[in-house]
Structures are given as C-alpha cells and as structure tokens.
Amino acid sequence: MSADKFSNPVVRWIDHRLPIFTFMDHELNEYPTPKNLNYFWNFGSLAGISLVIMIVTGIVLAMSYTPHVDYAFQSVERIMRDVNHGWLLRYIHMNGASFFFIVVFIHIFRGLYYGSYKAPRELLWILGVLILLLMMATAFMGYVLPWGQMSFWGATVITNLFSAIPLVGDSIVTLLWGGFSVDNPTLNRFFALHYLMPFLIVGVVILHLVALHRFGSNNPIGIDPSGPQDTVPFHPYYTIKDFFGLSIFLTLFAAAIFFFPNFMGHPDNYIPANPMQTPAHIVPEWYFLPFYAILRAVPDKLGGVVAMFGAIAVLFILPWLDRSPIRSGNFRPIFRIFFWVFVVDCIALGYLGGMPAEGIYVVLSRVATAWYFLHFLAILPLLSVIETPRPLPQSLSKSVLGGNAMAGVASAVKEKVR
Amino acid sequence: MAKIQTLKQGDGSPNKGRRDFIVVASYAMAGIGLASVAWPLIDQMNPAADTLALASIEVDISKIEMGQSITVKWRGKPVFIRHRTETEITSAQSVQLSDLKDPQTDDERVTNPQFLVMLGVCTHLGCVPLGQKSGDVKGEYDGWFCPCHGSHYDSSGRIRKGPAPLNLEIPPYQFASDAVIKIG
C-alpha cells in the first residue's frame, strides 16, 4: 500500500507520525482471511464482544455496588429496584457471564475439531487456555460479590480447595481469606480482583490476536491458503458475516435477559449469606459443572483438586499430545468419532456435576472423568500414529469450488474486477 | 482493494441509489441501537429511586430561640434556619435594592420574616459559610461569611461582597404548622 491510501489529510498527517490507521487497515480491512470459514469462526469475535459487554456493564454496576458483608446483598437489591435501569444492567452482566462461557466453549470445541492448536498456532492456543483460566477465576469471584447463600458457600468450598495442598494448604487458605473464614476481607479482595482481572484478560486477548494474525485463521479444511486466490479481505466479507452472527447472538442474549433472566442462576443466591447454615444442594454455576464433577469423582481430597486443575492443564500441552499432521477433523475418520464422544463426555460431566454426589452418579462421574483424561493422554497420541487420514484437497479454492474449471472461473472473475 | 471500493461507492452500478439507501439505513439503525444501549449506561448515574425518595424532610422550629440558628441536612446539603432578631429583620428590609449584586427584597426571601430558611452553600464554589454559631465570624454585613474565598452575606443571606455571584439559595419549603416546616 502506498502512502496516499487515505484521502483525508488529517488522517494522513496522523498516520505518518503514528501509523494507527495503517495498522487498522492492515489488520481489520485488507487482512487476508481464508475464504472457506464457516459459522464456527464467528465465535472468536463474539467472545471479544462479550468481554467488552461484561467490562462496560461491570464498570457501571461497580458504581452502585458496596463490597461489604453488611451492605453487599442490599446494594445488589438496590441496583435491582432503585438504580435507574439497574435491573437491566445487572441482568446483562449476570447472563453475560453465561453467554460468554457458551461462546468460549463453542470457540474451544471449534479449535479442538479443526486442529487449530497445531503448528504454527501452539502459542495462540496456549494463550486461549490462559484466557479460559482467567475467565474462570473472574467469574468465580464475581459470583461471590452479591453475597447470597451460593456466593458465600461457593467461596468457602472453592477457597478450601487450596487446603488440599500438603503442608502449606491451611496457611494458603488463611491468606486467601484474610481471616479464619470467608468474611469481609475476603469479599473486599474478591471485588478488587474481580475488577482487575478482566483487564488482564484484555491484555492476553491482545496477545492472542497478535499470535492469530501472525499466520491468520485456520479454516475448516485445515490446509494453509496457497495464495491470494484462497483468501478474501477481512472487510467487508468477514465484518459482515461477524455482524450477522452478532445480531443472532444478541437476539438470543436479549431473549434471555428479558424473558428468563434467572434461568441460568440459582434461586438460593437470592437468600442473604448465612455463615451458620449451608444450603442443602450446593452447586457452582453451570459453566463450572464439568470441572466440579471431576473434582468430586476422585475419592481423595488432594487427588480431586489435582484432577480438576489437571483437566485444564492438559489443554496446555494438547499441541504435543495430538501429533497428527492433519489439522481438520474432516479428514480424520477415527478422530472425528472420538471427538464427538468427547463432546458427549463433557456434556455428561456437566450433567453429573449438577447431580447429588451419591449412588450411580458417582460411578458415572468416575467413568466420564477417566474418559476425559483418556481422550487427551491416550486416544489422541495413539490416533496420531495409527489413523490413516483421508486425502486432503490441493487448495482451499478447489475445496470451495470443486475442481479446476471452477477455480479458473473464479480467478478470471477476480482478474476482471481488478 | 479496488473491488471493495467498487462495492462501497457503487459507481457504475445501475442500483447506486438503492445501495446507498441500504447503507444509510443500516448506519442509521446501528446509530439508534447504540444510542438506546448507551442511555441506560449513562442514566444509571442519575439519582436512584431511593435517593429521590429522601428529597423532603420536616423540621421542628419551635425550639429555636430568637437570635439562634440551626443547621439541618437536606439532600446531603446543610440548610440554615435562623430565628432572626428584630434588628436583623429591620436591617435586612431597609437595604436599597440598588446596593445589591443579586437584587432581591427580604420579603421575597422569607415566608415568615422571623425565620430565614436557606441552603448553607456558598454560591461561589460550594463551601459552607460561617455565621451559624454565636462565636462565628459573621462578615461585614452581620450575616454569614464564607471562609474559602471571602464572600460576605447579609442578614437575609444576600451576597454583598466577594466573588459569589448570587444570594444564598432558598430551598422550596412550607409551614406545615406554626412549629413545623417541610423542606423539599
């Protein structure tokens, strides 16, 4: 691109000194993107937008929230009843957390199926897992802030996980609490950290995007674009597609906010925290249920905690567990079956995490937990060796347009338009 | 790039007008959408329902001796209520309007001349003037004096000297009975 690409002289003056417009043009406008991306590739931008929605509504909620054990619950009720549009802002924030996780989970499974974690995108994937970890910490601390029964007992149970660490466990828990139980100091620091962590997430997201733009998006075929004929400029093709996906996302989001805002929450959290009495069934938010099931499946305190954190940790080393050079699951007949079994396994873990820890549920949780780790530690490494992949197409264009003739037509059309 | 610009500008296309209409309509919709989302985010900073509900108070003034003042809190601000002496009332009523920076007669500022009710907030930059307690500096006009930037108010709370532009504000109030006033 030459220097005269911007007609506005002010833009040109700024861009010469601070090339922000060149940067935006390069990364958001002309950025070459594989032309065969399907709708699963919408979920990255949706996740980014969800993060922005959460930060914006979170900042305005913080203007009316009081992080004190005596006032927190009331201040949230005041937001719901008295603060102008407070109910709307809180319901957006509350359901936003769930929708953010829905979007991110789909985004992750997209990456798992299409092998988006494979070379040269290992760091991109690892940064993504880091974002997931930060999101989980942020969501957990946010759930504590309304200081309802579930807030309090969730905080108690989750912080007690650290007591499983040998020797220093109890000291660590005391440190986290700032006392001898979950109390005002705990609430105060959770509020401070809940406000901080989204901005850490923004930082990691920026690194995630830098890593993404280094080699560009993966695609459903999983082979690299062989040239300009395999890509289209990001704008207007993918901006429009992302906006279309966004409008559907926002429609569903609005439906949840306006018609069933408490569907994904737990009614017990509308009871003020009572340190003297634990609710009969205590469950985490739905997005933690699979991990909660793994925690409970292991009949040993330390073992359960290790397994739960291991379920995330194993994702960090995934690029080196799956050694198959074929990225896309479309060309891996056996992997494809195991992928869907794994999806079912994760959903089963989510279901089991919400059930009481007794009888058949315990047995099923153990089977599902074993399968979770078996998938990553045995099946994927084994498949990389024994599986015979289907033949890959020669180029993205051929897979899109089917055959040489059509590809020729496409490039001819492109030539003519130029 | 050439292709995109062609699409954007629509030159050479027979449907230029229609395409421009769609583009403008889309931007307009997006603008309306953004504005309607922005409004709740801004309006949440306005006073909440419970804050507005605290907007009026009742004060018993029967215990205030002549020459004594009390300060009550209304909407988070001090309200001065002074039971004025005859001397103060006379001097407040005898001032020429031409001597005043913010011309207002004493009658316009009181319901019952014995009781002066006004916001104890200096109209310059919001400090609380001195003059409520017997030992306070009352300024050159025997009323109130703001220590922040030296504004002098008279016994009717009118600005007489200093940087403040206006007289001390009179809040909306009425006598609920002889002994009780309702502010707000």
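R214(A) lies over the face of F215(A), 4.7 Å from the ring centre. A charge counts as over a ring if NZ of Lys or CZ of Arg is within 6 Å of the ring centre and within 35 degrees of the ring normal. R110(A) likewise sits over the face of W41(A), at 4.5 Å from the ring centre.

The model is predicted; local features need pLDDT of at least 70, side-chain atom pairs pLDDT 80 or more, while totals for chains, interfaces and linings use all residues. Residues are numbered from 1 along each chain, chains are lettered from A, and side-chain values use heavy atoms, without hydrogens and water.

Rings of Phe, Tyr and Trp (its six-membered ring) pair if their centres lie within 6.5 Å; planes under 30 degrees apart are stacked, over 60 edge-to-face, the rest tilted. Over all chains, 38 aromatic pairs are counted. The ring centres of W41(A) and Y114(A) are 4.9 Å apart and the planes stand at 45°, so this pair is tilted. Both residues are buried, that is, under 20% relative accessible area with a 1.4 Å probe, protein chains only. F342(A) and Y372(A) form another tilted pair, 5.5 Å centre to centre with 40° between the planes. F342(A) lies in helix α14 and Y372(A) in helix α15 of chain A, so the pair ties together parts 30 residues apart in sequence. Helices (H or I, at least four residues) and strands (E, at least two) are DSSP runs, numbered from the N terminus. F342(A) is buried at 2% relative accessible area; Y372(A) is buried at 6%.

Conventions. Buried < 20%, exposed > 50% of the residue type's maximum accessible area, 1.4 Å probe, protein only.
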